[in-house]
Amino acid sequence: MAGDFLGLLIDQLVQDERLVKKLEARLAEVRPDQNRQIDSCLTVAEASEYTKIPVKMLYTMCQQRTIPHFRSGKKNSKKARIYFVQSELDKWMAAGGVER
């Protein structure tokens, strides 16, 4: 009787393990961003150092919307800050970036 119980328990564990693997695979399909590293946000100075583009040129490029960036703060506010997402800069540079 104990052997039957042990056999059933082992079978159940094997089934559970298969189910967990299926669920992990499905979760990876549905939420691929969960395995991705969180992108770094860079300030203008950090982006300048990262891309080797002068700060003034970055401001001009942001104004002309030729480089991926975002602003935090109220629109048209002098206190609004400009930030860059590192992975977006990587894609932009890989695509050719800017001719300097």
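Here is a short chat about a predicted model.

Student: Before we start, what should I know about the model?
Tutor: Residues are numbered from 1 along each chain as its sequence is written, and side-chain values use heavy atoms, without hydrogens or water. In this predicted model local features need pLDDT of at least 70 and side-chain atom pairs pLDDT 80 or more, while totals for chains, interfaces and linings use all residues.

Student: Which element gives the most residues to the largest nonpolar core?
Tutor: That core has 12 residues, including L42, I82 and W92. A nonpolar core is a set of buried Ala, Val, Leu, Ile, Met, Phe, Trp, Tyr and Cys residues joined through side-chain atoms within 4.5 Å, where buried means under 20% relative accessible area, exposed over 50% and partly exposed in between (1.4 Å probe, protein chains only). Two or more residues each come from α2, α3, β3 (81–85) and α4 (86–94); helices (H or I, at least four residues) and strands (E, at least two) are DSSP runs, numbered from the N terminus. With 3 residues, the top giver is α3.

Student: Is K52 buried or exposed?
Tutor: Look in the loop between α2 (44–51) and α3 (55–64) for K52. K52 is not a glycine, yet its phi is positive, about 65°. Its relative accessible area is 59%, so K52 is exposed.

Student: What is the relative accessibility of R65?
Tutor: R65 lies in the loop between α3 and β2 (70–72). Its phi is positive too, near 60°, in a residue other than glycine. R65 counts as exposed, because its relative accessibility is 72%.
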